[in-house]
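Trainee: I would like to learn how to read a protein model step by step. Could you take me through one?

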Amino acid sequence: MKILIVSDTHKSHRNLERILKEVHPVDLLIHLGDTEGGEDDIAALADCPSHIVRGNNDFFSELPQEEEFEVMGHHIFITHGHYYYVAMSEERLKEEARARGADIVMYGHTHRPSLTRDVDLITLNPGSVAYPRQEGRRPSYMVMELDEDGNVEILQEYI
C-alpha cells in the first residue's frame with residue numbers, strides 16, 4: 001500500500017498537485033492539518049481515500065482534531081500536533097500515541113520534516129508542502145509503503 005503524507009498546505013495546492021502527479025497512483029492520502037478550508041479540494045485532487053485532520057489555522061473547520069485507524073496491521077494515530085506542543089518536543093505526542101496503542105504517529109505544525117524510529121513507535125512529520133521552515137526551505141512530503149509482511153518503508157521527499 002502506498003500512502004502520501006502531507007501537511008500545512010495553507011490553501012496553496014500548486015505543490016500538492018505537482019506531488020500527486022509525481023507519486024501517482026497512491027492508495028491513501030494523509031493530510032496532517034492546516035488546509036485552511038481546502039480539504040474538499042485536496043480530497044478531490046488526491047482521488048483516493050483520505051484522512052485529513054484539523055490544524056491550528058483551520059478555524060471553523062469540522063475536520064476531526066485527530067484520528068486513529070488501522071492500515072495493514074498498523075495502528076496509526078494522526079494529529080496536527082499543536083495540542084501536544086510538538087514545536088518544543090515530540091515526547092508528549094509519543095506518550096499519547098503509546099497510550100493509544102499506536103505503532104505509527106504522524107503530525108505536522110512545525111513545517112519541518114522529522115522521522116524517528118523507536119523500537120515500538122515510528123514518529124513522523126512530513127514538513128510543509130507550502131511554507132517549509134527547515135534549512136534550505138524546500139517543500140517536503142513523505143511516501144510510506146506498507147507490505148503484507150508488516151514492513152514499513154518511509155521516504156522523505158522534497159520538491
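Mentor: We will go through the sheet, a helix, the cores, some contacts and a few backbone details.

Mentor: Before that, please keep in mind that this is a predicted model, in which local features need pLDDT of at least 70 and side-chain atom pairs count only at pLDDT 80 or more, while totals for chains, interfaces and linings use all residues. Residues are numbered from 1 along each chain as its sequence is written, and side-chain values use heavy atoms, with hydrogens and water left out.

Trainee: In what order do the 5 strands of the open sheet lie?

Mentor: In general, strands of a sheet pair through backbone hydrogen bonds, either parallel or antiparallel. Strands (E, at least two residues) and helices (H or I, at least four) are DSSP runs numbered from the N terminus, and two strands pair if DSSP finds at least two bridges between them. Here the order is β3-β2-β1-β9-β10, with mixed pairing, and the edge strands β3 and β10 each pair on one side only. Within this sheet, β1 and β2 pair in the parallel sense over 4 bridges, and Ile 3 stands opposite Leu 28 in β2.

Trainee: Which residues of helix α2 are buried?

Mentor: Buried means under 20% relative accessible area, exposed means over 50%, and partly exposed lies in between, using a 1.4 Å probe and protein chains only. In α2, which spans residues 39-46, the buried residues are Glu 39, Ile 42 and Ala 46. Seen down the axis of α2, these fall within an arc of 60 degrees, so they line one face of the helix; the arc is that of the directions from the helix axis to the C-beta atoms. On the other side of α2, Asp 40 and Ala 44 are exposed. The buried residues of α2 pack against α1, β2 and β3, where contact means heavy atoms within 4.5 Å.

Trainee: How many residues does the largest nonpolar core have?

Mentor: A nonpolar core is a set of buried Ala, Val, Leu, Ile, Met, Phe, Trp, Tyr and Cys residues joined through side-chain atoms within 4.5 Å. The largest one has 19 residues, and those with the most contacts inside it include Ile 3, Ile 78 and Met 106. Its largest share, 3 residues, comes from β9. A second, separate core of 16 residues includes Leu 16, Val 26, Leu 63 and Val 143.

Trainee: With which side chains does the side chain of Glu 66 make polar contacts?

Mentor: A polar contact is a pair of N or O atoms within 3.5 Å; within protein, one must be able to donate a hydrogen and the other to accept it, and residues adjacent in sequence count only if both atoms are side-chain atoms. Glu 66 is in strand β4, and its side chain makes such a contact with the side chain of Tyr 84 at 2.9 Å and with that of Arg 100 at 2.4 Å.

Trainee: Where does Asp 47 lie, and is this residue buried or exposed?

Mentor: Asp 47 lies in the loop between α2 and β3, and at 68% relative accessibility this residue counts as exposed. Asp 47 has a positive phi of about 55 degrees although it is not a glycine.

Trainee: Which two residues does a cis peptide bond join?

Mentor: The cis peptide bond joins His 24 and Pro 25, with omega about -5 degrees, and Pro 25 lies in the loop between α1 and β2.
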